[in-house]
Amino acid sequence: MILKEQAPEIEFSYTTDPQAAFTDVDFVMAHIRVGKYPMREQDEKIPLRHGVLGQETCGPGGIAYGMRSIGGVLELVDYMEKYSPNAWMLNYSNPAAIVAEATRRLRPNAKILNICDMPIGIEGRMAQIVGLKDRKQMRVRYYGLNHFGWWTSIEDLDGNDLMPKLREYVAKYGYVPPSNDPHTEASWNDTFGQSERCAGAGSADHAEYLPEILSVPGLCGSPLQPGTHPRQ
């Protein structure tokens, strides 16, 4: 429907036959969710019942989802290499870090780019918060997993440190920018708004995985208790 409305010149077809799907292609976009949303619900709710945060890429839920995803992604890699050995795979399947490591070890010669837009999306919000045109006007240092990482340095192109302004803003409003995009789904703003509970640590989730963060005066609010998570 989106292609029909936005790009009618693009030919769209579908098939359940792997040979037809993977033959004579240059790129394969892999974006799968093994177990679909019923299993995502279990990944997030089971840890909560044991006092651990539930999240689709981190912690016990992330491990469970990762174990399911590895086999599915490897199956797609094998089809691609069989029918289009010169093709590249763009893998968007979560948990990105687990899947990336699995493909590196189990299919070391495969042409795969494992990607995630979560850090980039947050950087776009950061740019709006500090009044920049876009994230390309910032120099950042980031490390960690795709849904579990930290920015240790954020500067503009002139070398000015943007971290103090960002920390102050996020402590009050989370990662919801002053002029919010009306097309952004409300649940995303609810999620990013909760980041005010843990200014400087990336999000309130980090305090759940690293309880010692909670001992830093003024850094984080109270940790989530079982039964209080919005998805529980």
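Reader: Which residues does the UniProt annotation "binding site" cover?
Author: The model considered here is predicted. The annotation comes from an unreviewed UniProt entry. The residues under "binding site" in that entry are Cys116 and His147.

Reader: Where is Cys116 found, and is Cys116 buried, exposed or partly exposed?
Author: Cys116 is found in the loop between strand 3 (112-114) and helix 6 (118-129). Buried means under 20% relative accessible area and exposed means over 50%. Cys116 has 22% relative accessibility, so this residue counts as partly exposed.

Reader: Where does His147 lie, and is His147 buried or exposed?
Author: The loop between strand 4 (138-145) and strand 5 (148-156) holds His147. The relative accessibility of His147 is 18%, and His147 therefore counts as buried.

Reader: Which element supplies the largest share of the largest nonpolar core?
Author: This core has 15 residues, of which Met126, Ile154 and Leu166 touch the most other members. Helix 6, strand 5 and helix 7 (163-173) each supply at least two residues. The largest share, five residues, comes from helix 6.

Reader: Which residues is Leu166 in contact with, leaving aside its neighbours within four places in sequence?
Author: Leu166 is one of the residues that touch the most other members of the largest nonpolar core. With neighbours within four places in sequence set aside, the contacts of Leu166 are Met126, Ile129, Val130 and Ile154.

Methods: Residues are numbered from 1 along each chain as its sequence is written. This is a predicted model: local features need pLDDT of at least 70, side-chain atom pairs count only at pLDDT 80 or more; totals for chains, interfaces and linings use all residues. Side-chain values use heavy atoms; hydrogens and water are left out. UniProt positions are given in the numbering used here, feature names are shortened, and annotations may be inferred rather than shown by experiment. Helices (H or I, at least four residues) and strands (E, at least two) are DSSP runs, numbered from the N terminus. Buried means under 20% relative accessible area, exposed over 50%, partly exposed in between (1.4 Å probe, protein chains only). A nonpolar core is a set of buried Ala, Val, Leu, Ile, Met, Phe, Trp, Tyr and Cys residues joined through side-chain atoms within 4.5 Å. Contact means heavy atoms within 4.5 Å.
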